[in-house]
Amino acid sequence: MVTRVALAGAGRFGALHLRAFRSLPVEVVAVCDPDPARLAAVRAESGIAAGYPSLGELLAHERVDLVDIATDEASHGDLVLEAVEAGRHVFVEKPLAMDVDQAMSIQARAAGNGVHVVTGQISRFGAAYQHIRDTLDAGELGAPVNLRFRRDFSRSWFPAFGTRVHPVWESGIHDIDLAVWYAGAPCRTVYAVQRGVSGLPNPDTFAAILTFANGVVATVESAWLVPDAAPQTLRGALELDGTIEATVEVLGERGTAAYRLAHDGLAVRTDRMTAHPEHTLWPTVAGRISGALLAELGYAVDVARGARGNDVMPVEEAVEGVRIAAAIQRSAETGTPVTLRAPEERP
Ligand SMILES: NC(=O)c1ccc[n+]([C@@H]2O[C@H](COP(=O)([O-])OP(=O)(O)OC[C@H]3O[C@@H](n4cnc5c(N)ncnc54)[C@H](O)[C@@H]3O)[C@@H](O)[C@H]2O)c1
């Protein structure tokens, strides 16, 4: 059975999604973007029959099973709700939303309308991150005690993102989601600090300490300060060459696990640069986009066509990520710790 997909957002990542969809049992029937040039470019590249300036117009004219939302972060929540209210399953790039009440409405309305919402927390579909989770589930590390996350991005990317969104929603949300996934309990307290050094509206760095109801303590740090001369890890497919340095460490009562996203196992050197290309997220293999991106989109298609439940990325865990990200931003901006309500006290 072919799943009928509509794409909202014909930017860099939306275009990459379209390339991944070529390997899946889907027909991308329509795309929407308010930018006519982007709309025309991706329709020409992918041969998509229909284009619209907004999701509302698309949904009014097209019969689709799954809406794929790859727009900028601040627009996600409204677009997800629009698709859910129209009775469509949704895959949405991270974050699910940037407002806790809206994220909770999405969860409630999706349940009410009998549709699934899968958030593109891509790390859950990366083999090494999954292996750590499996190792925890098997009890090999004992109960988790501390989680440490660090994710640094190229300084040269920051002017584009530092005017767009607080980094907790861009880089931090990946590790917040991993913390939720590995801790296995609700988050109870958040304390965070941030620093702005480039003079842009959003801070270049933040550091947060999270405590979970089962006692797990997680540290989440992110800095957009990696210099251009650092070895490149991102090349090619995303038209955004530069560096992501991401590490995770899980300390359990009986064992530990650690992973570095890009490392020197793959090295390319020329007279002008050194690269250690990341090859797990969206590598091109035999001319096709592969890796975690293909795995998460394939998963969303399976969930939309009823071939499996949404057990890997349940919407309530995406809502928990939004709750923590919002608390980190609030704590860092006010300089005070934030206590989150226990699940039984939440509305
Ligand atoms: N998982 C990852 O590692 C990863 C990596 C890169 C980007 N992303 C996510 O992908 C999303 C898109 O990022 P990007 O870099 O492609 O951004 P981008 O700015 O290149 O593209 C966003 C596109 O969305 C369009 N748009 C804005 N509002 C819209 C609306 N209401 N309806 C339809 N289209 C609309 C814009 O015109 C633009 O073409 C973001 O949420 C980002 O966080 C995830």
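This tour moves through a predicted model, beginning at the ligand and ending in the loops.

**The ligand and its pocket**

Select the ligand first. The space that the ligand takes is the largest pocket. Next, colour domain 1 (3-122 + 302-311) and domain 2 (124-281 + 322-332) separately. Both domains give residues to the shell around the ligand, so the ligand lies between them.

**The shell**

Now display the residues around the ligand, of which there are 23. Phe13, Asp33, Glu73, His76 and Lys94 come nearest. By class, the shell contains 10 charged, 8 nonpolar and 5 polar residues.

Zoom in on the oxygen atoms of the ligand and select the following residues in turn.

- Glu73: an N or O atom in the side chain is 2.7 Å from an oxygen atom of the ligand.
- Lys94: a side-chain N or O atom is 2.9 Å from an oxygen atom of the ligand.
- Thr71: here a backbone N or O atom is involved, lying 3.1 Å from an oxygen atom of the ligand.

Taken alone, the ligand exposes 860 Å², and the protein buries 83% of that area.

**From Lys94 to Pro95**

The peptide bond from Lys94 to Pro95 is cis, with omega near -5 degrees. Pro95 belongs to the loop between β5 (89-93) and α5 (100-113).

Then select Gly47, which follows α2 and has a positive phi, near 60 degrees.

Lastly, select Ala286, located in the loop between β15 (284-285) and β16 (288-289). What is the phi of Ala286? The value is near 50 degrees, which is positive in a residue other than glycine.

Methods: Residues numbered from 1 in each chain as written. Predicted model: local features only at pLDDT ≥ 70, side-chain atom pairs only at ≥ 80, totals over all residues. Heavy atoms only, no water. Near = heavy atom within 4 Å. Polar contact = N/O pair within 3.5 Å; in protein donor to acceptor, adjacent residues only side chain to side chain. Areas by Shrake-Rupley, 256 points an atom, 1.4 Å probe, with all protein chains shown as cover. 1 Å grid on protein atoms, 1.4 Å probe; cavity = no way out; pocket = protein on both sides within 12 Å on 5 of 7 lines; lining within 4 Å. Sits in = over half its atoms within 2 Å of the grid points. Nonpolar A, V, L, I, M, F, W, Y, C, P; charged D, E, K, R; others polar. Domains from an automatic or database assignment. Helix = DSSP H or I, 4+ residues; strand = E, 2+ residues; numbered from the N terminus.
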